[in-house]
Amino acid sequence: MVTQGQAVQVKEGIRRDVEDSLVVEEPLQIRINGRPFSITMRTPGADADLVRGLLYAEGIVDLQGLGQEVVLTRKEGYMDASIEVPEIFLCQDRMEKRSLIANAACGFCGKTEIADLRLQQPRLQPRQPLAAGIIPGLGQEMRSRQTGFEATGGCHAAAAFSIEGKFLALYEDIGRHNAVDKVIGHLIGEGLLDVASVLQVSGRISFEIVSKAAAAGIPFLCAVSAPSSLAVQWAHEAGITLLAFCRENRFTVYANKENIDFGETVNGQ
């Protein structure tokens, strides 16, 4: 979602009043079974997908518990999102430990124990290798669909693809983690979680992004920018093939390179 704002631009010593495009940031209050769970800053749109993706990716709700409707109610200055989850599918321990306020940048802010940050999923085993030849096209496909970024330069994107490179979903948001959660939530809602094999993100890769991909069972993670050292370490542990600097016709594989089919590429010295 994009809005317009007044600004003063100075270019080559010349000042002028301009109207510029801005990405919208607004609070989303999430309630589970009537109880406040979290306030997260996000770009409005696909809020139900964001709620489902966040709750699943952070281990709050089992997949079977996400079939209920997310009820959205517009309040003054924010959106209220409520979902009813059978208690058997709800992780009370994680729900109680999570901070009630999270910003758009970090899905793990407010964790109270180091143990809460450990990967809980079994090591991923991709069904087949990812062909090196299709990797540049994934980033190009994502970039061509980033209408919010094109207008504002101020929002991140995440996109999901099949192992053959078929486009499945894309969402933009002011927060990197929100964009990923929206994609995961969409995949859950459309029954495509088992089809998704590649998650492409527009920014850098931190350990939180690796953890969300692992929770969703997506074995290939690609980024336009750099990974952190912890992201690489966690990718190795989770069985995620991590690729970064996926720009134009190049990419760098940082973890589990054996899952890439390099085809006709030349092994340089």
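Of the 53 residues that form the largest nonpolar core, Leu55, Leu199, Ile205, Val210 and Ile240 touch the most other members. A nonpolar core is here a set of buried Ala, Val, Leu, Ile, Met, Phe, Trp, Tyr and Cys residues joined through side-chain atoms within 4.5 Å; buried denotes under 20% relative accessible area, exposed over 50%, and partly exposed the range in between (1.4 Å probe, protein chains only). The largest share of this core, 7 residues, is supplied by helix 1 (residues 47–57). A second, separate core comprises 16 residues, among them Leu130, Ala159, Phe161 and Cys246.

The model is predicted: local features require pLDDT of at least 70 and side-chain atom pairs count only at pLDDT 80 or more, whereas totals for chains, interfaces and linings use all residues. Residues are numbered from 1 along each chain as its sequence is written, and side-chain values use heavy atoms, with hydrogens and water left out.

The chain contains 7 helices and 15 strands, where helices (H or I, at least four residues) and strands (E, at least two) are DSSP runs numbered from the N terminus. Buried residues account for 51% of the 269 residues in the chain. The accessible surface of the chain amounts to about 13,100 Å², with 50% belonging to carbon and sulfur atoms; areas were computed by the Shrake-Rupley method with a 1.4 Å probe, and for residues only the protein chains shown count as cover. Contacts, defined by heavy atoms within 4.5 Å, were also examined by sequence separation. Among those between residues at least 6 apart in sequence, 51% join residues at least 24 apart.

Helix 1 is largely enclosed by the rest of the structure, because 11 of its 11 residues are buried. These residues include the charged Asp47, Asp49 and Arg52, as well as Leu50, Val51, Leu54, Leu55 and Tyr56. For this classification, Ala, Val, Leu, Ile, Met, Phe, Trp, Tyr, Cys and Pro are nonpolar, Asp, Glu, Lys and Arg are charged, and the others, Gly among them, are polar. Just after helix 1, Gly59 adopts a positive phi of about 75°.

Helix 6 (residues 207–216) is likewise largely enclosed by the rest of the structure, since 10 of its 10 residues are buried. Among them are Phe207, Glu208, Ile209, Val210 and Lys212. The buried residues of helix 6 pack against helix 1, helix 5, strand 11 (198–201), strand 12, helix 7 (229–238) and strand 13. Gly217 follows helix 6 and has a positive phi, near 75°.

The axes of helix 5 (residues 176–189) and helix 6 come within 10 Å and cross at roughly 5°. Helix 5 is therefore roughly parallel to helix 6. Axes are lines fitted to C-alpha atoms, for helices over the stretch in contact, and angles run from 0 to 180 degrees between N-to-C directions; those under 35 degrees count as roughly parallel, over 145 as roughly antiparallel, 65 to 115 as roughly perpendicular and the rest as oblique. At this contact, Arg176, His177, Val180, Asp181 and Ile184 of helix 5 meet Glu208, Ile209, Lys212 and Ala216 of helix 6. By class, the contact has 4 nonpolar, 1 polar and 4 charged residues.

Ile205, one of the core members named above, is in contact with Val210, Leu221, Cys222, Ala223, Ala226, Pro227, Ser228, Ala231, Leu242 and Leu243, leaving aside neighbours within four places in sequence. Leu221 itself is located in strand 12 (residues 220–223) and counts as buried at 0% relative accessibility. With residues up to four places away in sequence not counted, Leu221 touches Leu199, Ile205, Ile209, Val210, Ile240, Thr241, Leu242 and Leu243. Leu221 and Val210 are separated by 11 residues in sequence and by 7.6 Å in space, C-alpha to C-alpha.

Several loop residues were also characterised. Gly154 occupies the loop between helix 4 (147–152) and strand 9 (156–161) and counts as partly exposed at 32% relative accessibility. Gly154 touches Val23, Phe149 and Ile174, residues up to four places away in sequence not being counted. Although Gly154 and Val23 are 131 residues apart in sequence, their C-alpha atoms are 5.9 Å apart.

Positive phi values also occur in residues other than glycine. Asn33, in the loop between strand 3 (26–32) and strand 4 (35–42), has a phi near 50°. Glu248 lies in the loop between strand 13 (241–247) and strand 14 (250–255) and has a positive phi of about 55°. At 69% relative accessibility, Glu248 counts as exposed.
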